[in-house]
Structure formats: structure tokens, C-alpha cells
Amino acid sequence: MTLDTTTFKKKLLTEKDLVEKELGTVGRRSPGTVGDWEPVASDRDSASPDRDEAAEKIESFEENTAIVRQLESRLGEVKDALERVENGSYGHCAVCEKEIEADRLSANPAATTCKAHMGK
Ligand SMILES: [Zn+2]
């Protein structure tokens, strides 16, 4: 079976855009390091008047930090997968080197392992 990488490449590029857009809502690109993101505190419209604004800011900053980390690691996976598309190793399990099942790749185009080696 020859894997149709064009379809997956398109999916990966779409996901990359999406993740970067989401990152833009909770963080900003680090001025120093390319491809690095840092969290920002979001302005909340729903800030309750009895709560102190500084506390709200810290809270949203902490939340955003967690989201940025998550999105950044997803972005890394997607970028790695795109690199594998380019160098021709896409769709092969990192553990046993067999082809990854097409339905697994449909569910997660950035998958690096086959079903048998999921989570390894
Ligand atoms: Zn495997």
C-alpha cells in the first residue's frame, strides 16, 4: 500500500494553522526564539467587580500558560509529521517501522506509531 501523503499533508497544514491561531489567542510569539510562544494574560470581560483585577490577571495567565504548553507540544508534533512527509518517512511506526494504519492516521495525522505501539 502506498500512502497518499498529499491528503495527510493538507490535514497537517490545516491543523498547524488552527493551532497557531489558537496560540495567538492565549499567547504571543517569543521575540527571541523562532517558533517559541509565551503566554499572555487575557482580558476578561466577565471580571466580577468584587474580585481584584490583579488576581484575575494572574489566574488567566496561569491558565494560558497551561494551554500554551499543550498547544506548543501539539504544534511540535504536527511540524515533525510535516517534516516526515518531506523526507519520505511519513506513515511509518517509530517503533517497528511498519506502515501505520490509515484509520489511525486519519484520526491523528501526526501519529508516530502504529496501533500496536500507541503510547510507546
Ligand atoms: Zn509499530
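This is a predicted model: local features need pLDDT of at least 70, side-chain atom pairs count only at pLDDT 80 or more; totals for chains, interfaces and linings use all residues.
Let's start with the metal. Four residues coordinate the zinc ion: Cys93, Cys96 and Cys114 through SG, and His117 through ND1. The distances run from 1.9 to 2.4 Å. What is the geometry of the site? It is tetrahedral, with angles of 99 to 115 degrees among the 4 donor atoms. For reference, the ideal angle for four tetrahedral donors is 109.5 degrees. In sequence, the donor residues follow the spacing C-x2-C-x17-C-x2-H.

Now, how accessible are the donors? Take two of them. Cys114 has a relative accessible area of 6%, so Cys114 is buried. His117 comes in at 18%. The cut-off for buried is under 20%, so His117 counts as buried too.

Next, the nonpolar cores. The largest one has 14 residues. Which of them touch the most other members? Leu12, Tyr90 and Leu105 do. Two helices, H1 (5-26) and H2 (53-87), each supply at least two residues of this core. H2 gives the most, with 4 residues.

Tyr90 is buried, at 4% relative accessibility. Leave out residues up to four places away in sequence, and what does Tyr90 touch? Leu3, Thr5, Phe8, Leu12, Ala81, Arg84, Val85, Leu105 and Pro109.

One of those contacts, Phe8, brings us to the aromatics. A search of the whole structure finds 1 aromatic pair. Phe8 and Tyr90 have ring centres 5.9 Å apart and planes at 45 degrees, so the pair is tilted. The two residues sit in distant parts of the chain, 82 residues apart. Phe8 is in helix H1, and Tyr90 is in the loop between H2 and H3. Phe8 is buried as well, at 8% relative accessibility.

On to charges. Side chains of opposite charge can pair when their charged atoms come close. How many salt bridges does the search of the whole structure find? It finds 5.

Number one joins the side chains of Glu86 and Lys9, at 3.0 Å from N to O. This pair links distant parts of the chain: Glu86 is in helix H2, Lys9 is in helix H1, and 77 residues separate them. Are these two buried or exposed? Glu86 is exposed, at 56%. Lys9 is partly exposed, at 29%.

Arg74 bridges to Glu77, with the closest N and O atoms 2.8 Å apart. Both lie in H2, 3 residues apart, about one turn of the helix. Glu77 is partly exposed, with a relative accessible area of 35%. There is also a network here: salt bridges link Glu15, Arg74 and Glu77.

Number three pairs the side chains of Lys115 and Asp103, at 2.8 Å from N to O. Asp103 is in helix H3 (102-107), and Lys115 is in the segment after that helix, 12 residues apart. Lys115 is partly exposed, at 41% relative accessible area. Asp103 is partly exposed too, at 47%.

To recap. The zinc site is tetrahedral. The Phe8–Tyr90 pair links H1 to the loop between H2 and H3. The Glu86–Lys9 bridge links H2 and H1. Thanks, everyone.

Key: Residues are numbered from 1 along each chain as its sequence is written. Side-chain values use heavy atoms; hydrogens and water are left out. Donors are N, O and S atoms within 2.8 Å of the metal (3.2 Å for Na, K and Ca); water is not among the atoms, so sites may look incomplete. Four donors count as tetrahedral if all angles lie between 85 and 135 degrees; four count as square planar and six as octahedral if opposite donors are over 155 degrees apart and all others between 65 and 115; anything else is irregular. Buried means under 20% relative accessible area, exposed over 50%, partly exposed in between (1.4 Å probe, protein chains only). A nonpolar core is a set of buried Ala, Val, Leu, Ile, Met, Phe, Trp, Tyr and Cys residues joined through side-chain atoms within 4.5 Å. Contact means heavy atoms within 4.5 Å. A salt bridge is a side-chain nitrogen of Lys or Arg within 4 Å of a carboxyl oxygen of Asp or Glu. Rings of Phe, Tyr and Trp (its six-membered ring) pair if their centres lie within 6.5 Å; planes under 30 degrees apart count as stacked, over 60 as edge-to-face and the rest as tilted.
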